[in-house]
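Let's take a walk through a protein model together.

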Amino acid sequence: MKALNRYYSRKERTALIVNTMILIAFIAFTINMMTTKTDLPSILTLGFILVFFTANMILKEVLNFFFQKAIFQLTAECDPLAGMETMKLLRKYDIYRGYTTSFVAFSSLVYVDTDNAQALLDLFAPGNKLTQTGKDMILIKSYSLYKAYVILNNKTQMKKAYADLIRLKVLTNKKKGVSPLYAWFDIEAEYALLTNDVKEASGILAKADIRYLNPRERAHHYMLVAQVEKEKGNRDEAKSFFSQVTKIANKMVLQDKALQALEELNHEKTQKTRR
């Protein structure tokens, strides 16, 4: 029960209770029908339906538990590798491959959080059939390739990938478009910063609504704000946001980057004091 309270929202717990009640009612109803039958074929048919439906309902809830746990580990605990291990377990038992898009999206976020650019490029290589279909997959691929080139500091390919990515922004607001998977203000601000438009990046971040960001997203957002403030020469503000990153990022690569940035800022202050 503690695990359910930890990984599930109230809505998800309610859905689980309802599904459990439906399953129990179905089992009771089917068994009752079986007791009224006298011919073997009818009993076997009902027995097959009972076993098949029950097994699939249980599998569905087990997979959903793994999924919710993985999401919690990635977005709340900021532990991408632990989340990936849970997601691999889900993938192993996902016999109907209903979580394929979720698996790809999750994997891409893990690779972003661990600065694994090569894994991102391999995931969306032309020969990987796993990532070739679906509207959401187009957005996931575009975002992932953009982040891969950011990590590699390949400005030429980054600009091309960003151009492809930003075209999809309008589709996230359309009913039949792709899902709103990412914080566009951070994407736009990061690109502005990386193309040396600090003023534009600062303006975008100043208007950003971060109320609905989860801890993982906040870590990325605060890191970006800290970098912008550092570029603007606001050392104290930069240190404040870098410190916030260290409190959230846990096992993300941002943790080490923020600590290193704080060390560099403190070293600069020490050098100026000695002068």
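**Helices side by side**

Start with α5 and α7, which pack at an angle of about 15 degrees, with their axes 10 Å apart. Angles under 35 degrees count as roughly parallel, so α5 and α7 are roughly parallel to each other. Their crossing is left-handed. On the α5 side, the contact is made by Thr101, Val104, Ala105, Ser108, Leu109, Tyr111 and Val112. Facing them from α7 are Asp136, Met137, Ile140, Tyr143, Ser144, Lys147 and Ile151. Sort these residues by class and you get nine nonpolar, three polar and two charged residues in the contact of α5 with α7. Before going on, keep in mind that this is a predicted model.

While you're at α5, look for Ser107, which lies in that helix. Is Ser107 buried or exposed? Its relative accessibility is 1%, so Ser107 counts as buried. Leaving aside its neighbours within four places in sequence, Ser107 is in contact with Met84 and Leu123.

Now move along to α8 and α9. These two pack at an angle of about 150 degrees, and their axes are 12 Å apart. Angles over 145 degrees count as roughly antiparallel, so that is the word for α8 and α9. The crossing of α8 and α9 is left-handed. From α8, the residues in the contact are Lys155, Met158, Lys159, Tyr162, Leu165 and Ile166. They meet Trp184, Ile187, Glu188, Tyr191 and Leu194 in α9. This contact of α8 with α9 divides into eight nonpolar, no polar and three charged residues.

**Into the core**

Next, let's go inside. The largest nonpolar core of the model has 40 residues, and those with the most contacts inside it are Tyr146 and Ile187. Which elements give two or more residues to this core? They are α3 (40–75), α4 (80–93), α5 (100–113), α6 (117–123), α7 (135–152), α8 (155–166) and α9 (184–194). The helix that gives the most to this core is α7, with nine residues.

Zoom in on Tyr146 to see what surrounds it. Not counting residues up to four places away in sequence, Tyr146 touches Met158, Ala161, Tyr162, Leu165, Ile187, Glu190, Tyr191 and Leu194.

Leu165 is buried, with a relative accessible area of 0%. Setting aside residues up to four places away in sequence, Leu165 touches Leu139, Ser142, Tyr143, Tyr146, Trp184 and Ile187. How far apart are Leu165 and Tyr212 in space? From C-alpha to C-alpha they are 22 Å apart, and in sequence they are 47 residues apart.

**Two residues in loops**

Now for the loops. Arg97 lies in the loop between α4 and α5. Its phi is near 55 degrees, a positive value in a residue other than glycine. With a relative accessible area of 41%, Arg97 is partly exposed.

Asn153 sits in another loop, the one between α7 and α8. Asn153 is not a glycine either, although it has a positive phi of about 60 degrees. Exposed means over 50% relative accessible area, and at 55% relative accessibility Asn153 counts as exposed.

Finish with helix α10 (residues 198–206) and helix α11 (residues 215–231). Their axes come within 10 Å and cross at roughly 140 degrees. What do we call that arrangement of α10 and α11? The two helices are oblique to each other. α10 passes α11 in a left-handed crossing. Val198, Ala201, Ser202 and Leu205 are the α10 residues here, and they meet His221, Leu224, Val225, Val228 and Glu231 in α11. By class, that makes six nonpolar, two polar and one charged residues in the contact of α10 with α11.

Methods
Residues numbered from 1 in each chain as written. Predicted model: local features only at pLDDT ≥ 70, side-chain atom pairs only at ≥ 80, totals over all residues. Heavy atoms only, no water. Core = buried A, V, L, I, M, F, W, Y, C linked by side-chain atoms within 4.5 Å. Buried < 20%, exposed > 50% of the residue type's maximum accessible area, 1.4 Å probe, protein only. Helix = DSSP H or I, 4+ residues; strand = E, 2+ residues; numbered from the N terminus. Contact = heavy atoms within 4.5 Å. Axes fitted to C-alpha atoms, helices over the stretch in contact; angles between N-to-C directions. Parallel < 35°, antiparallel > 145°, perpendicular 65-115°, else oblique. Left-handed = near helix turned anticlockwise from the far one by under 90°. Nonpolar A, V, L, I, M, F, W, Y, C, P; charged D, E, K, R; others polar.
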